[in-house]
2 protein chains.
Amino acid sequence: MNLTSFVKERRKAVKLTQPELAEKAGVGLRFIRELEQGKQSLRLDKVNQVLQLFGYEVGAVQNKLNQNF
Amino acid sequence: MNLTSFVKERRKAVKLTQPELAEKAGVGLRFIRELEQGKQSLRLDKVNQVLQLFGYEVGAVQNKLNQNF
DNA sequence: TATATTTACACCTTAAAGGGTATAAAAATG
DNA sequence: CATTTTTATACCCTTTAAGGTGTAAATATA
């Protein structure tokens, strides 16, 4: 589950629009859109502001792909 | 397991110095230091560059604390 | 379909992240 | 202990994320 689909699905599950989620999270509307569209270079603290609404936070999760160590 | 201790522990586990990890990950030395010191406003893509070395990536993880939905 | 709502894209400005370098402090090693 | 290695802090500069606003496209609803 990547961040993009996580936020999109959770937001719809609680029936919020992007502007409503933005306001509740205390971030800009543009940020929510970029987050749901998979922009890679977002700021960690802003992402956390959104995830916290759903009882989540950013963390390290395992990755199927190549492992250098 | 937060990102801060995750990176610090993994780095030491594979016996890399901060400059070495920075170079391998393709980020600046300053970034590694701020990451290991818990700076909240780092960029997601840079964090992922580091986590990928260990076979991890940034994702949403559950949070014991308050849940608004 | 028409209409309303929601989402996406573009422009500009501001604030700050990230990098490089230099220096200092701390930790490890002999 | 003295010396080396590693980590932390500070400065300046460049790049860019984030927000606001406006407009267009897409989606939902009547």
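**Terms and basis**

A polar contact is a pair of N or O atoms within 3.5 Å; within protein, one must be able to donate a hydrogen and the other to accept it, and residues adjacent in sequence count only if both atoms are side-chain atoms. This is a predicted model, in which local features need pLDDT of at least 70 and side-chain atom pairs count only at pLDDT 80 or more, while totals for chains, interfaces and linings use all residues. Residues are numbered from 1 along each chain as its sequence is written, chains are lettered from A and ligands numbered from 1 in the order in which they are written, and side-chain values use heavy atoms, with hydrogens and water left out.

**A:Thr4**

A:Thr4 belongs to helix H1 (residues 3-13) of chain A. Its side chain reaches the backbone oxygen of A:Leu35 at 3.4 Å. Leaving aside residues up to four places away in sequence, A:Thr4 touches A:Leu35, A:Glu36, A:Gln37 and A:Gly38 (contact means heavy atoms within 4.5 Å).

**Helices H2 and H4 of chain A**

Helix H2 (residues 18-25) and helix H4 (residues 44-53) of chain A pack at an angle of about 105 degrees, with their axes 9 Å apart. H2(A) is therefore roughly perpendicular to H4(A) (angles of 65 to 115 degrees count as such). A:Leu21, A:Lys24 and A:Ala25 in H2(A) meet A:Gln49, A:Val50 and A:Leu53 in H4(A).

**B:Gln52**

In chain B, B:Gln52 lies in helix H4 (residues 44-53). B:Gln52 is partly exposed, because its relative accessible area is 42%, between the limits of under 20% for buried and over 50% for exposed (1.4 Å probe, protein chains only).

Technical notes:
Helices (H or I, at least four residues) and strands (E, at least two) are DSSP runs, numbered from the N terminus. Axes are lines fitted to C-alpha atoms, for helices over the stretch in contact, and angles run from 0 to 180 degrees between N-to-C directions. Angles under 35 degrees count as roughly parallel, over 145 as roughly antiparallel, 65 to 115 as roughly perpendicular and the rest as oblique.
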